[in-house]
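Here are some friendly notes to read beside the model. Please keep the structure open as you go through the points.

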Amino acid sequence: MPTTQRSFTPSAARLPLKDALRMLRFTMKRGRGFLDTPLDPIPSPISDVARSVLRDFDQIADRVNDMAAGLSRRFLDSGGGESLSTATLEDIEHIGHAEIAFAQAAYHGLTRALPHLGASEGLVSEVRSAEAYKAAIQSGAAEKDRFALAAALMQEMVDRGVIRDLLPAAREEEGEPLTEEELEKLAIFALILWFLAERQDGPEDAEALLLTCCDMAEALKTEVTECLGDAERLRALLSAYADKI
């Protein structure tokens, strides 16, 4: 009796976590590509909902990635970032598990800075932010001063790709939108500047201060780009503008 050959796709439950995540991201990428292809029979409300679902799954996959790195409980605590919304870099240094506190505060800040700078969507990795903080501390930059630590933090965050999969939004005003690379660098610069600035009252003022840092970062776009890779120049730039916010 002839046998019937059947194709076989391995179950995600049988795959190592990294492979399962890779499969999930590949499926979502294919799904987004399909939805981005103009198809007259699909009404826009349906395709918009589908895109929203895919974005939600993308965020879930990133959270699972954080869980795999051993930071699940802290990062799944939805209140973590909000409670650190007024924290400065100095505050974070004196918190237990400072790298985790930094990652939560960075996630809170970046997810607000990016839309203000013109990103329509993107991913922010808390795990990579925590790794960047640990690397900056281990470099000895904190032993010099807070501006040296801030410069080391920014460089580590850029090098590690804390922000990824950015999509710039179309701008209503005149001028070209920022590129993905510019959005990434300026959002991180604004975040670090925000961590250095003195805080006044509460979360609302801190939020307004963050948006001011974003505007300053955009005004300093050329300087920020030129200083990356040069720790002393980056330190000097952050030092020059931290007290002017």
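1. Helices (H or I, at least four residues) and strands (E, at least two) are DSSP runs, numbered from the N terminus. Counted this way, the protein has 12 helices and 2 strands. Starting at the N terminus, the order of elements is α-α-α-α-α-α-β-α-α-β-α-α-α-α.

2. A word on the source: this is a predicted model, where local features need pLDDT of at least 70, side-chain atom pairs count only at pLDDT 80 or more, and totals for chains, interfaces and linings use all residues. Residues are numbered from 1 along each chain as its sequence is written, and side-chain values use heavy atoms, with hydrogens and water left out.

3. Among contacts (heavy atoms within 4.5 Å) with a separation of 6 or more, 72% join residues 24 or more positions apart.

4. Now look at helix 12, residues 231-242. Its 12 residues reach 16 Å from the first C-alpha to the last, close to the 16 Å expected at 1.5 Å a residue; the expected span is 1.5 Å times one less than the number of residues.

5. Which residues of helix 12 are buried? They are Leu234, Leu237, Leu238 and Ala242. These residues cover an arc of only 120 degrees around the axis, so they sit on the same side of helix 12; the arc is that of the directions from the helix axis to the C-beta atoms. Their cover includes helix 8 (146-160), helix 9 (180-196) and helix 11 (221-227).

6. The axes of helix 8 and helix 12 come within 8 Å and cross at roughly 115 degrees. Here axes are lines fitted to C-alpha atoms, for helices over the stretch in contact, and angles run from 0 to 180 degrees between N-to-C directions.

7. In this pairing, Phe147, Ala148, Ala150, Ala151, Met154 and Gln155 of helix 8 meet Ala231, Leu234, Arg235, Leu238, Ser239 and Ala242 of helix 12. The residues of this contact divide into 9 nonpolar, 2 polar and 1 charged. Ala, Val, Leu, Ile, Met, Phe, Trp, Tyr, Cys and Pro count as nonpolar, Asp, Glu, Lys and Arg as charged, and the others, Gly among them, as polar.

8. Phe147 is buried, with a relative accessible area of 11%. Leaving aside residues up to four places away in sequence, Phe147 touches Leu196, Arg235, Leu238, Ser239 and Ala242.

Definitions and conventions
Buried means under 20% relative accessible area, exposed over 50%, partly exposed in between (1.4 Å probe, protein chains only).
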